[in-house]
Amino acid sequence: MSTFSEAIDRLAAISRPRIGFGLKDSNQGILQSLERAKALADIVLVGPTHISSVDGFDVVTSESPESELARLLCSGEVGGIVRGTLDGALTYEAYQKLSG
């Protein structure tokens with residue numbers, strides 16, 4: 001019998017997910033964790049314009065990153081989102097407005 005992590009590895013090999021991750025400020029600990037996560041998924045950082053200098057990731061910047069993160073999910077540009085360090089209430093509100 002395979003372990004849960006082996007099953008995740010097999011699924012990731014079949015269809016590589018694209019995940020939006022909210023990042024309010026550059027944080028080395030979070031970026032190191034996300035670097036490891038790139039083994040299983042394509043990570044798109046979503047945040048304010050000052051995160052545009054983060055290397056090694058696709059980066060989407062916006063004056064309203066919570067709304068942008070929700071938009072990426074609703075439009076299908078990413079298959080899932082993690083609000084990360086963005087405001088949870090604003091992200092949820094933006095998602096509700098877009099998804100009805």
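Student: What makes E93 partly exposed?

Tutor: Happy to start there! E93 has a relative accessible area of 40%. Buried means under 20% relative accessible area, exposed over 50%, and partly exposed in between, with a 1.4 Å probe and protein chains only. The 40% of E93 lies in between, so E93 counts as partly exposed.

Student: What should I know about the model itself?

Tutor: This is a predicted model, in which local features need pLDDT of at least 70 and side-chain atom pairs count only at pLDDT 80 or more, while totals for chains, interfaces and linings use all residues. Residues are numbered from 1 along each chain as its sequence is written, and side-chain values use heavy atoms, with hydrogens and water left out.

Student: Why is the pair K97 and E93 called a salt bridge?

Tutor: A salt bridge is a side-chain nitrogen of Lys or Arg within 4 Å of a carboxyl oxygen of Asp or Glu. In K97 and E93 the closest N and O atoms are 3.6 Å apart, which is within 4 Å, so the pair qualifies. The two are 4 residues apart in helix 4 (residues 88–99), so about one helical turn separates them. Helices here are DSSP runs of H or I with at least four residues, strands are E runs of at least two, and both are numbered from the N terminus.

Student: Is K97 buried or exposed, and how do you know?

Tutor: K97 has 65% relative accessibility and therefore counts as exposed.

Student: What makes E68 and R71 a salt bridge?

Tutor: Their side chains meet at 2.8 Å, N to O, and that is again within 4 Å, so the label holds. E68 and R71 are 3 residues apart in helix 3 (residues 65–75), so they too are separated by about one helical turn. E68 is buried at 15%, whereas R71 is partly exposed at 32%. Together with E77, these residues are linked in a network of salt bridges.

Student: Which residues of helix 3 are buried, and what do they pack against?

Tutor: The buried residues of helix 3 are P65, E66, E68, L69, A70 and L72. They pack against strand 1 (18–22), strand 2 (42–47), strand 3 (58–61), strand 4 (80–82) and helix 4. A contact means heavy atoms within 4.5 Å. After helix 3 comes G76, with a positive phi near 85°.

Student: How do you know that E35 and K38 are paired?

Tutor: The closest N and O atoms of E35 and K38 are 3.2 Å apart, so this pair meets the salt-bridge definition as well. Both residues are partly exposed, E35 at 42% and K38 at 24%. The structure holds 6 salt bridges.

Student: Why is the protein chain called as compact as a globular protein of its length?

Tutor: First, the layout: the protein chain has 4 helices and 4 strands, running α-β-α-β-β-α-β-α from the N terminus. Its radius of gyration, taken over C-alpha atoms, is 14 Å, close to the 13 Å that the globule rule (2.2 Å times the number of residues to the power 0.38) gives for 100 residues, so it is as compact as a globular protein of that length.

Student: How much of the protein chain is buried?

Tutor: Buried residues make up 29% of the 100 residues.
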